[in-house]
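Hi,

Here is the complex I promised to pass on.

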Amino acid sequence: MAAVAALLVGCATPPPDDDPEAKAEFEQVNDPLEPTNRVIFSANEGIDTYFLRPLAVGYRTAVPSFGRDRISDMIDNLKSPIYFANDLLQGNFTLAGATLERFALNTSFGVFGLMDVAEPMGIPGHQSDFGQTMAVWGIDDGPYLVLPLFGPSNPRDAVGMLAESYADPLDYYLQTGGRHWAYWTRMGVTAISKREAYLDALDDVKRTSLDYYSAMRSLYRQRRSAEINGAKNPSQYVVPSANMSALPANVLTEDTERQ
Amino acid sequence: MIKMLSRSTLLRATFTLLVVLTLGTTPSHAQTDDAARKFVGALAQRAITTVADRQISQIERDERFRKLFVSAFDIPEIGRFVLSRYWRAATPDQQQEFLSLFEDITVLTWAKRFQDYNGESLETVSASKDGDHSWMVDSHILRNQGPQVPVQWRLRESDDGSFRVVDIIVEGVSMAITHRSDYASAMQSNGGRIDGLLSIMRTKLDQLKAAG
């Protein structure tokens with residue numbers, strides 16, 4: 001019991017004031033709960049090693065890549081309401097339009113989202129979440145957090161994830177009228193499909209890093225800030241070939257600035 | 001007449017001086033955006049040709065890959081960045097051993113990544129100068145299926161005008177920054193001693209070698 005209490009209040013000791021470089025590093029790492037985070041991280045690792053990763057490997061062996069793509073396309077299409085709402089909340093109206101178009105095309109011609117027909121038509125997919133939205137609104141991420149089961153996060157992204165779990169209209173529908181099995185199936189399939197997608201990348205990080213925990217922390221932070229930069233500057237999605245356009249440069253600039 | 005002569009001499013001298021100054025400030029082997037872009041394209045092509053060459057033995061292939069990698073990447077520069085403030089605290093011997101281990105680990109890591117090569121190709125998009133001797137090249141990896149992967153290359157132009165890679169940024173994730181964070185943590189968990197880090201690196205290298 002005392003051990004658990006010590007764990008919960010476990011904080012990393014900041015370096016002394018007379019070592020400015022060590023201090024700058026400590027702040028940049030921004031992981032004051034590191035001792036606790038490491039414990040949760042290794043518990044997650046155990047679950048991953050004995051449960052989730054084997055499932056993902058089995059899924060890769062059993063289902064050919066064509067089938068796996070159909071499943072991940074469908075999962076992605078079902079997230080469209082969340083992407084759309086966040087595009088709007090971020091003020092990215094062009095992206096919101098793209099999400100809407102993709103949903104319409106993929107749900108109809110793509111047979112309930114099984115095929116991403118919009119991408120070859122020049123409307124590539126993107127993902128927006130509420131953590132990103134809050135970042136666009138100027139909310140800082142806060143210290144690094146490792147969540148049980150969900151892994152690397154921070155207070156802002158954790159709140160975003162929680163908010164989304166209440167905002168997903170499909171989840172509302174599935175949680176009523178004896179459709180709970182479908183709700184859990186969606187969650188389970190999403191977890192396995194996502195884990196399969198990261199199989200090689202995570203194996204690589206684990207194999208090559210000296211300290212898996214801190215390599216993952218750095219990767220999560222960098223990936224997240226790249227996504228947020230993308231959400232703040234959506235022009236990279238919207239005008240992929242601006243330099244090849246016949247429009248004068250100032251028209252394009254105005255257009256992208258308006259978003 | 002004397003006045004005229006001296007004036008034209010003065011003019012000529014000034015002109016000569018200007019030319020010398022201009023040439024002096026602009027190195028004769030100054031690189032261009034296009035050269036930076038082509039360097040990355042050629043490097044990717046050579047790496048693919050090397051790993052895809054089935055005419056030579058695995059040992060020969062590894063050796064060629066290592067030579068290519070060491071010549072194209074500025075490993076001492078990356079190593080110094082990764083070790084950051086600990087670099088200055090290290091003795092020359094420790095620095096030397098760190099760089100040698102770092103080179104071996106990096107080469108093996110990338111050799112393994114290329115072993116899974118499956119027909120991907122690299123398309124360079126653009127390059128821009130973003131510092132005195134620093135260039136950023138935008139590219140993406142084209143795969144048989146699935147979306148393209150954006151990759152940025154940070155190059156440094158050395159004094160002889162040749163390029164060296166100092167960082168690769170895949171989907172917004174910098175290899176150098178990830179290594180730096182990883183190595184700093186490994187070091188701290190060993191009491192902040194370089195020798196502790198070197199010993200973890202030796203163990204890691206043995207693991208990588210054993211895994212092939």
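Residues are numbered from 1 along each chain as its sequence is written, with chains lettered from A and ligands numbered from 1 in the order in which they are written.

Chain B has a mean pLDDT of 85, with 85% of its residues at 70 or more. Over residues 23-28 of chain B, pLDDT stays under 50, and the model has one contact beyond four places in sequence for them. A contact means that the C-beta atoms of two residues, placed from the backbone, lie within 7 Å. Where pLDDT is low, the predicted coordinates should not be read in detail. For the complex, the predictor gives an ipTM of 0.80 and a pTM of 0.82.

Now the interface. Chain A brings 17 residues to the contact and chain B brings 21 residues. On the side of chain A that touches chain B, α2 (20-29), α11 (199-208) and α12 (212-232) of chain A each supply at least two residues, and α12(A) has the largest share, eight residues. By class, that side of chain A has five nonpolar, five polar and seven charged residues (Ala, Val, Leu, Ile, Met, Phe, Trp, Tyr, Cys and Pro count as nonpolar, Asp, Glu, Lys and Arg as charged, and the others, Gly among them, as polar).

Next, the helices of chain B. The axes of helix α2 (residues 33-52) and helix α3 (residues 58-72) of chain B come within 9 Å and cross at roughly 165 degrees, which makes α2(B) roughly antiparallel to α3(B). Axes are lines fitted to C-alpha atoms, for helices over the stretch in contact, and angles run from 0 to 180 degrees between N-to-C directions; under 35 degrees counts as roughly parallel, over 145 as roughly antiparallel, 65 to 115 as roughly perpendicular and the rest as oblique. By class, the contact of α2(B) with α3(B) has six nonpolar, one polar and three charged residues. Among the residues that meet there are B:Leu43 and B:Arg46 in α2(B) and B:Phe65 and B:Leu68 in α3(B).

Last, the sheet. Five strands of chain B form an open, antiparallel sheet in the order β1-β2-β3-β4-β5, where strands pair if DSSP finds at least two bridges between them. Its edge strands are β1 (121-129) and β5 (173-174) of chain B, each pairing on one side only. β1(B) and strand β2 (residues 134-142) of chain B pair in the antiparallel sense over eight bridges, and a hairpin of four residues joins them. B:Thr124 stands opposite B:Ser139 in β2(B), and B:Ser128 has B:Met136 as its bridge partner in β2(B).

Best wishes

Definitions and conventions:
This is a predicted model: local features need pLDDT of at least 70, side-chain atom pairs count only at pLDDT 80 or more; totals for chains, interfaces and linings use all residues. pLDDT is the predictor's confidence in each residue, from 0 to 100.
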